[in-house]
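Please walk through this protein with the sequence and the model side by side.

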Amino acid sequence: MNGFGNIGRRLANTFSGDKEIQFIGVAKYSADEKTREALESKYDVYVPEHNLKQFSDNKYKVSGTVQEAVKQSDIIVDAAKEGEGFENKKRLYEPMKKAAIFQGGEERCGPRSVADMIHNSRVNYAEAVGKMYVIQGSCNVSGMGRIMQPLAEKFGDEIERYDVTIVRRWADLEDLKEVRDSIEWDREPHHQEDVKDFMPAANLFVEAYKVPSRMMHLHQMLIRFKIKAPTKDSVIEALSKEFGVAILNSAKGSADVRNKALMLGFQYGDTNMVHIHEEVLRVQDDILKILYTDDQTGMVIPENHLLLQSMVFGRSREQAIKKTDSLFQISRKKRILEEEFR
Ligand SMILES: NC(=O)c1ccc[n+]([C@@H]2O[C@H](COP(=O)([O-])OP(=O)(O)OC[C@H]3O[C@@H](n4cnc5c(N)ncnc54)[C@H](OP(=O)(O)O)[C@@H]3O)[C@@H](O)[C@H]2O)c1
C-alpha cells in the first residue's frame, strides 16, 4: 500500500484482512504519528531511502525501503496524495514491471496519465481483467456511475441528458486542515470527463462546488427525458436492489447519515455507499431529480477491493461482489440504514 492517508489506511485495513492476499506492508513518507498507527496495526512499514534516518531518529522501526517493498509485490495499491502516483509509476512500477491501482486524484489523460481506463465496478468491472494499470474512479465519480448505469440500462434511449451538481465536502473527518467558511467553485470539474471515460454515450454536464462541511458529498442529478420522465416508483425500483445503493426516507442532511454510521459503530464511520433521499426525489414533466449523498472516504474502498479481484484473479463480478460484501458487510449496512431512515 503506497500511501497511508485517509484512503490508504482504510485500504490497508481491508487488504491486510483478506486471507487471499499476502499483504507486504505500507509505505510512509513522513515520520509522524500515523507511523505509530501503522506499526500498532502490525503492518510492516517501508519508507523512502533518503528518509530512513528521520524514521529511526523518531524511534519508528521500519522494515525497509519503498523500493524493496515494491520489489516484493505483485501489485501495488497506490494511495498517494494527488498527482504523486504518476511519479511512482515512472520511478518504481514501470521499471520493475509491477501492476498498480491508482486513485481518482491521478490523471487519466494528458502527459501525466497513469492508466488507460477508470474503473467503476457497476460499469466496466470485467474490462480490468489482466490490466497492468487502472485508476479507481474517485468517490464522486464512483457514485455517479452507480446511479447512472442502472438508469441507462432501464431507460436507455429515453434519456436525453444528465446534469449533475456536486456539492463537495471540504475535508474528511480525520483531516486536521481548516474548514474555511466559503463556497468554492471549480473551473473544470474532472468528474465529467472521468464518468464519460466509462460511460461514453452519456450526455453529461457536471458542476462542482466545495462547501464547509466534513459530512459527505451531496449530488443533485437532474435527468432530462426525451418525452416524459418515468414514475418515481419505477426509478426506485431500478435502483433499490443495487449493490451499495441505499434508499433512505427521513434523513434531513448529510450529517444525519454520517452520524448514524458513527453511532452504529460502522468502521471509520463509513457506510461505503450512496444514499438516495427518496422523500426529495421528484418527477415533473420530462425531468427526474435525484438527490443522493455519497460517502467520500468509504465509497472507493470496496471499489478498490473489487478492482483488485478483476485485475489479479479475473473473477466474475458476482463472485467478487460476494467476497467484497463479506468483508465490508455492505448489504447488511444498507438494510440497517434503510430501516433507521424509513
Ligand atoms: N479523501 C477522500 O475522500 C478521497 C476519496 C476518493 C479518492 N481519493 C483519492 O485518494 C488519493 C489519496 O487521498 P487521501 O485523501 O488519502 O490523501 P491524504 O490523506 O492526504 O494522504 C496522502 C498520503 O500520501 C502519502 N504520500 C506522500 N508522498 C507520497 C508518494 N510519493 N507516494 C505515495 N504516497 C505518498 C502521504 O504520506 P505521509 O503521510 O507519510 O507523508 C499520505 O499518507 C488521492 O488520489 C485522492 O484524490 C480521496
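**The ligand and its surroundings**

A nitrogen atom of the ligand is 3.5 Å from an N or O atom in the side chain of glutamate 84, a polar contact in the sense of a pair of N or O atoms within 3.5 Å, where within protein one atom must be able to donate a hydrogen and the other to accept it, and residues adjacent in sequence count only if both atoms are side-chain atoms. Taken alone, the ligand exposes 900 Å², and the protein buries 85% of that, with accessible areas coming from the Shrake-Rupley method with a 1.4 Å probe, in which, for residues, only the protein chains shown count as cover. The model is predicted, and local features need pLDDT of at least 70, side-chain atom pairs count only at pLDDT 80 or more, while totals for chains, interfaces and linings use all residues. Residues are numbered from 1 along each chain as its sequence is written, and side-chain values use heavy atoms, with hydrogens and water left out.

An oxygen atom of the ligand lies 2.9 Å from an N or O atom in the side chain of arginine 169, and an oxygen atom of the ligand is also found 3.0 Å from a polar backbone atom of glycine 5. In total, 23 residues surround the ligand, the closest being Ile7, Lys28, Tyr29, Ser30 and Asp172; a residue is counted here if one of its heavy atoms lies within 4 Å of the ligand. This shell divides into seven nonpolar, 10 polar and six charged residues, where Ala, Val, Leu, Ile, Met, Phe, Trp, Tyr, Cys and Pro count as nonpolar, Asp, Glu, Lys and Arg as charged, and the others, Gly among them, as polar.

**Two sheets and a helix**

Helices (H or I, at least four residues) and strands (E, at least two) are DSSP runs, numbered from the N terminus, and two strands pair if DSSP finds at least two bridges between them. An open sheet of three strands has the order β1-β2-β3 with parallel pairing. Because β1 (26–27) and β3 (64–65) stand at the edges, each with a single partner strand, one side of each is left without a neighbour in the sheet. Two bridges link β1 in the parallel sense to β2 (residues 45–47), and valine 26 has valine 45 in β2 as its bridge partner.

Strand β6 runs parallel to β7 (residues 133–136) and is joined to it by two bridges, with isoleucine 118 opposite isoleucine 135 in β7.

In helix α5 (residues 84–93), Gly85, Phe86, Asn88, Lys89, Leu92 and Tyr93 are buried, where buried means under 20% relative accessible area, exposed over 50%, and partly exposed in between (1.4 Å probe, protein chains only). These buried residues pack against α4 (66–72), β4, β5 (99–102) and β7, with contact meaning heavy atoms within 4.5 Å.

**Two residues compared**

Aspartate 295 sits in the loop between β15 (287–294) and α10 (300–313), and is buried, with a relative accessible area of 0%. A polar atom of its side chain lies 3.1 Å from the backbone nitrogen of glycine 298. Serine 326, in helix α11 (residues 317–328), is partly exposed at 49%, and its side chain reaches the backbone oxygen of lysine 323 at 2.7 Å.
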